[in-house]
Amino acid sequence: MPGKLKVKIVAGRHLPVMDRASDLTDAFVEVKFGNTTFKTDVYLKSLNPQWNSEWFKFEVDDEDLQDEPLQITVLDHDTYSANDAIGKVYIDIDPLLYSEAATVISGWFPIYDTIHGIRGEINVVVKVDLFNDLNRFRQSSCGVKFFCTTSIPKCYRAVIIHGFVEELVVNEDPEYQWIDRIRTPRASNEARQRLISLMSGELQRKIGLKVLEMRGNAVVGYLQCFDLEGESGLVVRAIGTACTLDKLSSPAAFLPACNSPSKEMKEIPFNEDPNPNTHSSGPSTPLKNQTYSFSPSKSYSRQSSSSDTDLSLTPKTAPYPQGPRIYLCPSSPSLSCGSLHLKKSCLLLSESSLTPHHSSLVSPVLRKSVSFSEELFLAASGMGSGSAGKEGGPFKALLRQQTQSALEQREFPFFTLTAFPPGFLVHVGGVVSARSVKLLDRIHNPDEPETRDAWWAEIRQEIKSHAKALGCHAVVGYSESTSICEEVCILSASGTAAVLNPRFLQDGTVEGCLEQRLEENLPTRCGFCHIPYDELNMPFPAHLTYCYNCRKQKVPDVLFTTIDLPTDATVIGKGCLIQARLCRLKKKAQAEANATAISNLLPFMEYEVHTQLMNKLKLKGMNALFGLRIQITVGENMLMGLASATGVYLAALPTPGGIQIAGKTPNDGSYEQHISHMQKKINDTIAKNKELYEINPPEISEEIIGSPIPEPRQRSRLLRSQSESSDEVTELDLSHGKKDAFVLEIDDTDAMEDVHSLLTDVPPPSGFYSCNTEIMPGINNWTSEIQMFTSVRVIRLSSLNLTNQALNKNFNDLCENLLKSLYFKLRSMIPCCLCHVNFTVSLPEDELIQVTVTAVAITFDKNQALQTTKTPVEKSLQRASTDNEELLQFPLELCSDSLPSHPFPPAKEHLESASSNSGIPAAQRAMTVEKASPVGDGNFRNRSAPPCANSTVGVVKMTPLSFIPGAKITKYLGIINMFFIRETTSLREEGGVSGFLHAFIAEVFAMVRAHVAALGGNAVVSYIMKQCVFMENPNKNQAQCLINVSGDAVVFVRESDLEVVSSQQPTTNCQSSCTEGEVTT
Amino acid sequence: MTSELDIFVGNTTLIDEDVYRLWLDGYSVTDAVALRVRSGILEQTGATAAVLQSDTMDHYRTFHMLERLLHAPPKLLHQLIFQIPPSRQALLIERYYAFDEAFVREVLGKKLSKGTKKDLDDISTKTGITLKSCRRQFDNFKRVFKVVEEMRGSLVDNIQQHFLLSDRLARDYAAIVFFANNRFETGKKKLQYLSFGDFAFCAELMIQNWTLGADLKELKVLVADKDLLDLHKSLVCTALRGKLGVFSEMEANFKNLSRGLVNVAAKLTHNKDVRDLFVDLVEKFVEPCRSDHWPLSDVRFFLNQYSASVHSLDGFRHQALWDRYMGTLRGCLLRLYHD
C-alpha cells in the first residue's frame, strides 16, 4: 500500500532576524522525507514570509510513511556563505495513515532549534493519499490504531482484548559516535532527535504488525520508552495491549461521517477479519518479501536492529509470517542494494536464531553480562516468595480452567490496561513485581540484539510465575521501566495479578458473549476483592475475613494494586495520595561489584518501601492502594525508592486496625512515657484522617451477621511454616515476621525516625485532595476547569551529611515541599483535586536529586450534592446501544459521572461553559479586569478591532487523564509521541538552570499543542512526560535536556455545547465553533 | 540541601496579579517576597516562606519570558509558547503599559532619547519609583512613539492596533506621543500645578481639531488692527456687563488677554515656539486671571463671549479658522484654569 505524501509550505511568522544589517531575513524552506528533498523559493527580506509553495509530492512506501518523520527545515539564504539554519519542524504523519483519525495536518508549527529553542512559526499543510494494495505480506501496519490511554478509548467498544505486545529496537547513540567529536552540538542533537523519531516509527510499525497477526486492529495502553545506555547504545522499547476495537456509533451531531469517499482510499479492513491465510502461507512468505525492495531512504534504519521474543503471542502452531523477520538481518550496507540471495539466507538465519527464545533461556555467557535478579513481589497483605503457592488450590483451578486455556496460549498474559470493561476483572490477587540488575555492555554487534530482549523475557517470566503463585493467570496494569547509572541498569516490571473473565479474550463472537452473559450473573461489586488463591494453601501469610459486602467469599485485610479503582467498586469516603520515600547509601563501585551491591540492597528497599506504604495506609485509616507505582532509581552512590499510590477504604475489606507501638525496653519509665505519647499522636492522626477523608464505615453489619472472621494469626503462622522456597530471598520475611503487621517495634533510633517520618507528612490544605489514579474516589462532580502542569526540582546534597537518615530527610522534605508549593500555586482552583500525580526521581549526578511531577488539577463543585446516579439523558444514551454492547463496552460512567449534573444548572454553570470555550478558567475569568482595560470584552474588540484579534491561537487542553471533565471525546486523532533535545552554551544568559528548563518545558507544551491543533484536535488525553533528562555543567555555562512526551490527540465537545446545539442553534461561542468546524468537515 | 532548580510550568500559564504588580513596580525577588509576606498571605494560605520564594521566582521567570512578547502585544496573541486566556492577555498588556502619574509628569514633552534615559536615575530618586519601573515606562513611551511616529491615520487607532491597549490607555499614549513629538514644555515651575490629565485633555483636543500648517498668522489682525481690537472689546464688554463678577478687571485687562491669546496662535506657526504653548497660556491668561481671582464660571463666560463676538466683526474674514482655534483653546484654558 504505497502512498503519496503531499506537503505545502504556506507561510512563516515571527521569524528571527538573521541579517543584522537589514534586521530582516531571507527565508526559504527545505522539505525532506526519506532521501528526497524539495525547496521553496527564497522569500526576501521578511520576518513573515509568504511562500505559498506548490504541493511537494513524495511517492513512498507505507513502510517509510510509518517510520520516517517529515522534516521541515527553515533556512536563511546567504549568497556568499553557507545558508544558516533557523530551525526545524518534525511532523509525524502516522495519524494520517489510518481511517477515522485525521485527514489532514494543517496549521502553525513552532520552528524549533535545539540550541535556540522556538524561533518563529511556520504554516504547513500535509496530506497523504494511500493506494490500496492487496499484498498481504507487507511490512507496514498502516491502519492499526495506537492509544496511550490505558483503558478502552471512550468512543470505542472492545470486541476482543487480545493481549500483550512488545518490541524493542537497538541502535548506537549518535552522541557517542566518533563523529560526534567533530560535529556541532546542533548536528549531534538533530541526529539524535531524528534517530529516535525513526526508531519510534519503526517500533510502532512492528508492534502494529504483531497486532495484525493477532487479528487485532488497535493497541491500547501503548507505552514507549527509550533507554539511554550511553556508550552501550540506545534502546527504544514499547509495550501495549492488542485489541479489536469497534467504533461506537455516537448520537453526537458532531461526529463526522466516516465514509466520505476520500477516506475510502485508506480504509483498512478494520472490523472485518484479516484473511486467515496470512497465517498459513508460511513458505511463500519470504519469497513474496523479495518483491518488497527497500527504498534507499531506509539506510538509516538499516543500522538499527531489533529482536522479538513474543513468538508465542500467536498460537505456537501457527507459522509466524515472515514479514518483519527481515529486520533481524545483519545490518550490512550491502543489504540496501537488495540482493536476493543475501536476504534469503538472512531470513533463514534469523529464523533459526530465534528458537532459543521459546525456552526463554538465553545463555548469559554470550553477552558476558552478570545478572542478578531478585524475585520479589508484593502481595495482598505482605510479601512472600513466589514459589510457595505454585500448586494452587485444585478446586479453584478447576473453576478457572476455561479462562486458563484462553490465556495459556500466550507466553505473557499481560495487559497494560488499568481500567476495564465491566465484568472483565474477576479477582485481583495483589501486586507482582520483579527487578533485575544488569551490566550494560556495548552492543558491538547489532546482529545480536537479543540480549535486551532476553533480559525482559526473563523478568516477564518471573512476573508470570509470581502471578501464578497468587492463583492468577493474568497480570493487569502491567508496566516496565529502567533506571540506568553508568554501566548498571535496573530493569523493573510490575503489575497486578488477576483472574479475568475469558469471554473478552477469545475470538468468540458477540453472540457467544451474549449467551454466556445470560448464563452467569454479573460479578458483584466486591468480586474483584475476593481472593483468587486457595485459602488453605496461601502463597503468603494473610489475614482473611469474609467479604464485608457479600459475606460469601474471603477477602484479604489489605489490597495493593497497580490498576485504577474499578468504577463499580464501593468505596467509603475519599481517597488520598500515599507515598513511601526512601534513600539508601551505597559505596561507589565498579562493574560487577557495583551490581552485586545494588542487588543486595534491593530487597531491603522493597521491604522498607512496603512497610512505609502499609503504615501510611493504616495511618490514613484506609485498606487498599490503587495505582501503586514503585520506582527504584540508581545513582553513583545511592539508591532511591519512591512509591506512589492512591489509598482508599474499600467497603468490602475489613476496617484496618490501628498502629501499635511497642518499646523494646519496657522497664524504662520515661521511655514508656515517650512511647505512649507517640502512640497517642498516632491514634489522633488516624482519627483526624478518618474525619478528613470521611471514612465512616457502617459498623452495624458486623453485629448482625456475627463474626465470621477466622483466627487469622493462627492461620498465618501455620502457613508460614508451610512456605518453603529455594529462592535466595526467602530468608527475607517480607510479611513482617512473627509480629502483628500493625505493631511497630521501636528498638533503636532508626525506628524512632521511621515513626517520626510517618507523622511528618502534612495533609493537603483544606479544599485540596490528591490521588495518582484517574479518578478520585468520592469526588465525581467535576467542573470543567483543568490545569495540567509539570514541576521539576533539583536539590544539591551537601556531601558532609550523607547518612541514610539525613538523605531520607532531605528526600522527604523535597517531596513534601514540592507538594506544598503545588497546593499554594493552585490555591485559586480550590476546591480542587490533583489527579494522576506522577512523581519521577532521577539522580543526574553524585549529589543531585531530581524530582519531576506531572499532574492535573481539576476543580469540583463542593456545593453540589454528589451525583452517583446518571441523568436520564445519559441513561438513554447507553440504552441506545444494544444490550450486549452495553455489557461489553466500557462504562461511560467515568465521563458522565464526572459531569456536573445538568438538571440543576445554576447560572454559574452557564458562565462556566461559556468561559471554557474561550479557554478562560472560570475563576480567572471571574476576576474583573480593571475598568481601564476592557481588552477582554467585546467592547474593545469592536472598537479597536486589532487585525487578528479573532484569530488568536485556539486552546488545546492537556491532561494525563483519559477523559476531560464535562466533555465528550468524539474522535481520536492519533498518538502524539515527541522527543526533543535542548542544549545551551549560555546558561547564565538564559536565566540559569531554572530559566533554561522552564523555557524548554513551556516550548515542549507548545509543540505538543501545535501538533494537536494541526491535526484538528483540541486536547491531548493520557498525556505523559516519560523522560526528562537534565544535565548541567555550570562551570562551562552549559546545560542539556532531553524530554520525551506522549499522549492521544482528541477532539472533545463540551456536554453543555451538545445540549445547546440540540436545543438552540445560535449563540455558540465563536472560538469553539471554529475548532469544531475544522473537525466536522 | 539547596535547591538548584525549581520550576513550575502549567499548560495554561499561571499569572498572579499581585506578583505581576510587584514585578512591574520593579521590585527584586527578595523585596517582592518580603512584601508578600507583609500582605499576610502566609497566614491566609498556611504556606511557608520557602514556598513563597519559589512561587515568586516562578512568576518572575514567566514575566521575564513574557516581556519580550509584551514589547509587541500582537505577538502575545499569536505566540504558541504560553497558553493564556484572552482576558489575562489583556490584563498583562494593559498593566505592562500602564504608567505612574508621577513618572509621566517628569518626562512629558521631553525628547524620548538616550539623554533623557540617563536622567531616569534622578527621576527615580525624585519620585520614589524604582529605576527598573522607570526604565520600563520610559521604554514603553519610546517604543510606542517609534512605532506610530511615521504612521498615517488616527493616532489613537494606530496605537490601539499595534499595542492592543484599552481606549483610555491608548488616548493617554496618544497624548504622550503628541507631547514628545511637539516637545511641549511641561516642566517649568509655573506648570507644576498641572496634572498629566490636564495635559492629556489638551492634547486630545489639539489632536482632534488642529492640523499643522493652518495659517494662524491671519488671526494676528485681531490685535494688530487697533480698530478691530477696540470693537472686539466693546462687543465683549457690552455682552458681559452685569454678568461677570470680575467685569472691571476683565475690562481693564481685555487687551492684554486678547493679545496673549492671539499671539499664542501666531507662535504656533513656528515650530520652535510651539513648545512654549503651555507656558504662554499659563503666563498670558491663566495667571493674570487667577491673580484677579476670576471664578471659573467667569472665565467660561468670558471665553465664550470672546470667541463668539468675533463673528460680529465685519472686517474679519477668517471666522472658520478662528472658531477652530478658539474652540480648542477655550477647552484647554478651562481645563488648565485651576489651582
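Trainee: At what angle do the axes of helix H15 and helix H16 of chain B cross?

Mentor: Two packed helices are described by the angle between their axes and the distance between the axes. Here, in a predicted model, local features need pLDDT of at least 70, side-chain atom pairs count only at pLDDT 80 or more, and totals for chains, interfaces and linings use all residues. Residues are numbered from 1 along each chain as its sequence is written, chains are lettered from A and ligands numbered from 1 in the order written, and side-chain values use heavy atoms, without hydrogens and water. The axes of H15 (residues 226-240) and H16 (residues 247-267) of chain B come within 10 Å and cross at roughly 145 degrees. Axes are lines fitted to C-alpha atoms over the stretch in contact, with angles from 0 to 180 degrees between N-to-C directions. Helices are DSSP runs (H or I) of at least four residues, strands (E) of at least two, numbered from the N terminus.

Trainee: Which residues make the contact?

Mentor: Contact means heavy atoms within 4.5 Å. Among them are B:Leu229 and B:Val236 of H15(B), and B:Phe247 and B:Phe254 of H16(B).

Trainee: Is A:Thr646 buried or exposed?

Mentor: Buried means under 20% relative accessible area, exposed over 50%, partly exposed in between (1.4 Å probe, protein chains only). A:Thr646 has 1%, so this residue is buried. A:Thr646 lies in strand E25 (residues 638-650) of chain A.

Trainee: What does A:Thr646 touch?

Mentor: Leaving out residues up to four places away in sequence, its contacts include A:Cys576, A:Phe626 and A:Pro777. A polar atom of the A:Thr646 side chain also lies 3.4 Å from the backbone nitrogen of A:Thr773.

Terms used
Polar contact = N/O pair within 3.5 Å; in protein donor to acceptor, adjacent residues only side chain to side chain.
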